[in-house]
Amino acid sequence: MRSAATSASNRWPNRLAAAWRQALGLMHAVLVRPHGELSYEQVDDPRPGPGEVVIELQAASVNRRDVAVRRGVYPFPLPLIPGSDGAGTRRDTGEEIVILPALGWGESEEVPRGDFRILGGPDDGTYAELVKVPEANVYPKPCRFSWGEAAAFPLAALTAYRALFTVAMVRAGETVLVLGAGSGVSCRGSRFSGRRWAARATSPHSSRRSTAEAGGR
Amino acid sequence: VIDSVRPLAEVAGAHARMEAGVHFGKLVLGIA
């Protein structure tokens, strides 16, 4: 185990290296390379266009979609930086924010616009020190959330919320069967269950099923 | 619900955990 003094002194070279990269306009990011490997590399900083802001990320989270992007399920040109979820600070204002990963959704609750995309393919995503996003996709980070918690919820929570309320329109007295206990969407969907309706999460894996039944959702 | 937190550089481990279906909750990557 390292002493506190040792770990503090070890941080300075890292900070110097980070300052040097920033001066050169370089950042660390994870890229999906052809054949689906994840590669941790130094790449150019994102250059924001009109209406876009650069976020200095503190945390990101993994979604099933990222695995599909890596495996080439989508026809996106490679290499690209995957990742839909992220939280960090706006480089221009210093504001602590969480990213809404639905780009160009539009005004309709029911259906997205034709140019709707999810951040992290084809647009470069949050597996990086920096990401550029439209200013409209930046929301204040709830102060009770840690960086990790803030980065964990957007895509899964949006998916669960839309499935339950926009599409299924769950009502008082109803019970929802949530498949895939342990997934981000399942955990979020089960948590949305309130006093007026109930969610029951299940899974073909007995350990995940028992965790869900024990309230681990 | 957070399953685990690991540094960005170790994201391959998070993908492997998700593909194995053994996680319970979100896999978080620390960046700064």
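Take the contacts in chain A between residues at least 6 apart in sequence: 64% of them join residues at least 24 apart, where contact means heavy atoms within 4.5 Å. This is a predicted model, in which local features need pLDDT of at least 70, side-chain atom pairs count only at pLDDT 80 or more, and totals for chains, interfaces and linings use all residues. Residues are numbered from 1 along each chain as its sequence is written, chains are lettered from A and ligands numbered from 1 in the order in which they are written, and side-chain values use heavy atoms, with hydrogens and water left out.

Let's start with the overall picture. Chain A has 6 helices and 11 strands; helices (H or I, at least four residues) and strands (E, at least two) are DSSP runs, numbered from the N terminus. Its C-alpha trace spans about 60 × 50 × 40 Å along the principal axes. Of the 217 residues in chain A, 41% are buried, and buried here means under 20% relative accessible area, with exposed being over 50% and partly exposed in between (1.4 Å probe, protein chains only).

Chain B has 1 helix and 2 strands, and they run β-α-β along the sequence. Its C-alpha atoms fill a box of roughly 25 × 20 × 5 Å along the principal axes. For its 32 residues, the buried share is 50%. Among chain B contacts with a separation of 6 or more, 22% come from residues 24 or more positions apart.

Now look at a helix pair in chain A. Helix α4 (residues 154–167) of chain A packs against helix α5 (residues 184–191) of chain A at an angle of about 55°, and their axes are 8 Å apart. The axes are lines fitted to C-alpha atoms, for helices over the stretch in contact, and the angles run from 0 to 180 degrees between N-to-C directions. That makes α4(A) oblique to α5(A), since angles under 35 degrees count as roughly parallel, over 145 as roughly antiparallel, 65 to 115 as roughly perpendicular and the rest as oblique. On the α4(A) side, A156(A), A157(A), T159(A), A160(A) and L164(A) do the touching, and they meet G184(A), V185(A), R188(A) and G189(A) of α5(A).

Stay with α5(A) for a moment. Its buried residues are G184(A), S186(A), C187(A), G189(A) and S190(A). What covers them includes α4, β10 (175–179) and β11 (198–202) of chain A, together with β2 (26–30) of chain B.

What about the cysteines? C187(A) is buried, at 4% relative accessible area, whereas C143(A) is exposed, at 77%. A search of the whole structure turns up 0 disulfides over all chains, a disulfide being a pair of cysteine sulfur atoms within 2.5 Å.

A59(A) is buried, at 3% relative accessibility. Leaving out residues up to four places away in sequence, A59(A) touches D85(A), G86(A), A87(A), W147(A), G148(A), A151(A), L29(B) and I31(B).

Finally, check the backbone in the loops. The peptide bond from L78(A) to P79(A) is cis, with omega near 0°, and P79(A) sits in the loop between α2 (64–70) and β4 (85–90) of chain A. Another cis peptide bond joins G121(A) and P122(A), with omega about 5°.
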